[in-house]
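Visitor: Could you take me closely through one part of this model, and then show me how the rest of the assembly is arranged?

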There are 2 protein chains.
Amino acid sequence: MTIYQKLENAITKNNSLVSVGLDSDIAKLPEQFKNDPTPQFAFNKATIDATHDLVCAYKPNTAFYEARGARGIDELKMTCDYIKTNYPDIFIVIDAKRADIGNTNKGYVEFVFDYLGADAITLHPYLGQEALRPFLERKDKASIILCRTSNQGSGEFQDLKINGKKLYQIVAERVTKEWNANGNCMLVTGATYPEELAAVRKIVGDLPLLVPGIGAQGGNVEKTVKAGLNSKKQGMIINSSRGIIFASSGEDFADKAREETLKLRDEINKYR
Amino acid sequence: MTIYQKLENAITKNNSLVSVGLDSDIAKLPEQFKNDPTPQFAFNKATIDATHDLVCAYKPNTAFYEARGARGIDELKMTCDYIKTNYPDIFIVIDAKRADIGNTNKGYVEFVFDYLGADAITLHPYLGQEALRPFLERKDKASIILCRTSNQGSGEFQDLKINGKKLYQIVAERVTKEWNANGNCMLVTGATYPEELAAVRKIVGDLPLLVPGIGAQGGNVEKTVKAGLNSKKQGMIINSSRGIIFASSGEDFADKAREETLKLRDEINKYR
């Protein structure tokens with residue numbers, strides 16, 4: 001099974017393009033986890049159990065775990081192990097936004113693909129394809145390259161024009177035509193910029209896209225889905241983090257997370 | 001004391017521009033550490049004790065620690081704590097090559113500046129200044145932005161031309177003129193490209209540069225120093241990793257590390 005097939009199977013199984021972003025900021029966890037010995041894991045476990053039949057992917061962002069040092073890394077691993085053991089069909093994206101030079105990347109490859117056992121990692125393009133080979137060579141895992149990010153100031157460099165093309169378009173072209181020899185590349189394009197998302201889709205054919213920025217960041221679901229679907233009416237992982245996991249800060253947080261995930265899945269499917 | 005002053009003091013104290021890269025790959029540690037309960041820390045401690053009076057900085061790269069998961073992170077923290085306790089004047093750069101969008105970066109800020117207590121972190125520029133604010137706002141810490149990296153394929157995007165200027169030159173300009181309101185920015189420019197290093201120095205005035213690529217990567221010391229010095233005959237942290245820490249794989253590794261550090265310091269100083 002190729003890594004694209006694993007993603008397609010996850011999408012088909014739950015008829016869902018939704019990824020839940022497990023950005024489990026320790027400061028925002030519901031009161032009941034304050035004295036838990038492994039609060040981030042316990043919160044994630046409850047969230048995952050409440051949503052696993054409605055999603056294609058989970059996407060923990062490493063920043064929220066590293067903030068707690070070694071303890072956080074332990075709980076991130078517990079979270080990944082829990083998903084793999086109980087819901088092995090679901091795609092795990094580690095939103096790590098890494099990229100170093102050649103050999104050094106092997107450390108991140110070991111961390112994300114072997115120690116955590118995730119299916120995919122997000123990566124910065126700035127150092128070029130040659131630097132990222134240790135990731136790209138892992139045919140069994142997806143390399144998700146940042147292309148047009150969801151933040152307000154993403155255009156500062158990404159929109160610079162080189163011979164009439166914007167930098168993010170050149171990244172999209174290169175990744176599609178040159179970096180993807182192993183059929184394991186994806187791109188990050190934010191839901192907050194549907195026109196740029198549509199431009200990327202034109203460049204990349206059926207390549208799967210990771211699309212953050214729905215929910216708290218304000219991306220519009222209809223525009224996002226219409227701009228980003230591929231010819232198979234999928235090819236997107238649409239992520240919401242805070243809008244789902246912190247929909248309630250009370251004891252009903254897991255029920256509310258399920259409610260929001262269901263709502264988002266169905267709204268997305270309306271436009272597929 | 002500003003963060004630039006801390007760096008200048010470290011350089012002056014040991015009359016050294018040398019940074020030792022603590023890229024303590026577990027697979028490459030000398031035999032004697034194989035059964036150590038904290039092998040990376042024990043190796044680092046011996047290396048630090050042998051070189052602390054010859055360097056301005058230590059630069060651990062997170063990849064080599066994350067490769068071991070939570071255990072590695074623990075030993076990275078032990079390493080930083082050891083430096084801060086015993087050699088508090090020495091500058092600590094965490095070579096993490098991070099960058100996420102706004103709020104998410106707070107997790108990395110906590111990890112690197114508060115949990116590890118480092119002086120500086122390396123960052124990707126691709127998401128723009130707006131995204132990196134949580135780092136830039138920390139006046140007491142340095143944000144070291146990747147500009148022209150030392151790897152063979154670094155030109156793929158970094159050399160793309162925008163209105164006659166290369167992308168890495170635009171990064172250097174923006175960081176110097178716009179991002180550095182708090183006087184805490186630096187740039188990464190590889191020793192493997194002395195012409196580009198000279199071009200960056202022209203753009204950035206006296207801004208301090210982190211210069212990796214000496215030693216195992218093949219950068220030439222004379223060319224590097226002549227291209228990169230600022231008007232105070234400093235303004236550079238010149239890093240060597242494998243060339244120092246793995247100069248010997250035997251029991252004399254610390255002596256050899258000292259020897260190589262001394263040799264590099266003196267060769268650099270010959271051209272200052």
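Guide: B:Val18 stands opposite B:Ile238 in strand 10 of chain B, and three bridges join strand 1 (residues 18-20) of chain B to strand 10 of chain B, the two running parallel. Strands pair when DSSP finds at least two bridges between them; strands here are DSSP runs of E with at least two residues and helices are runs of H or I with at least four, numbered from the N terminus. Strand 9 (residues 209-211) of chain B is likewise parallel to strand 10 of chain B and joined to it by three bridges, with B:Leu210 opposite B:Ile237. From strand 9 of chain B the chain passes through helix 10 (residues 221-228) to strand 10 in a right-handed β-α-β crossover, a term for a path from the first strand over the helix to the second that runs clockwise when the strands point away from the viewer.

The model is predicted, so local features need pLDDT of at least 70 and side-chain atom pairs count only at pLDDT 80 or more, while totals for chains, interfaces and linings use all residues. Residues are numbered from 1 along each chain as its sequence is written, and chains are lettered from A and ligands numbered from 1 in the order in which they are written.

In a regular strand, side chains alternate between the two faces of the sheet. In strand 10 of chain B, B:Met236, B:Ile238 and B:Ser240 point one way and B:Ile237 and B:Asn239 the other, and all are buried. A residue is buried if 20 or more other C-beta atoms, placed from the backbone, lie within 10 Å of its own, exposed if 12 or fewer do, and partly exposed in between. Because five of the five residues of strand 10 (residues 236-240) of chain B are buried, the strand is largely enclosed by the rest of the structure.

In chain A, eight strands close into a barrel in the order 1-2-3-4-5-8-9-10, with parallel pairing. There, three bridges join strand 9 to strand 10, and A:Val211 stands opposite A:Ile238.

Between the chains, 45 residues of chain A are in contact with 45 residues of chain B, contact meaning that C-beta atoms placed from the backbone lie within 7 Å. Among the elements that each supply at least two residues to this side of chain A are helix 4 (70-86), strand 3 (91-98) and helix 6, but the largest share, six residues, comes from helix 5. That side divides into 19 nonpolar, 16 polar and ten charged residues, where Ala, Val, Leu, Ile, Met, Phe, Trp, Tyr, Cys and Pro count as nonpolar, Asp, Glu, Lys and Arg as charged, and the others, Gly among them, as polar.

Helix 5 of chain A is mostly covered, with nine of its eleven residues buried, including A:Tyr108, A:Phe111 and A:Phe113. Its cover includes strand 4 (120-123) of chain A and helix 3 (63-66) of chain B.

Note on methods. Two residues are in contact if their C-beta atoms, placed from the backbone, lie within 7 Å.
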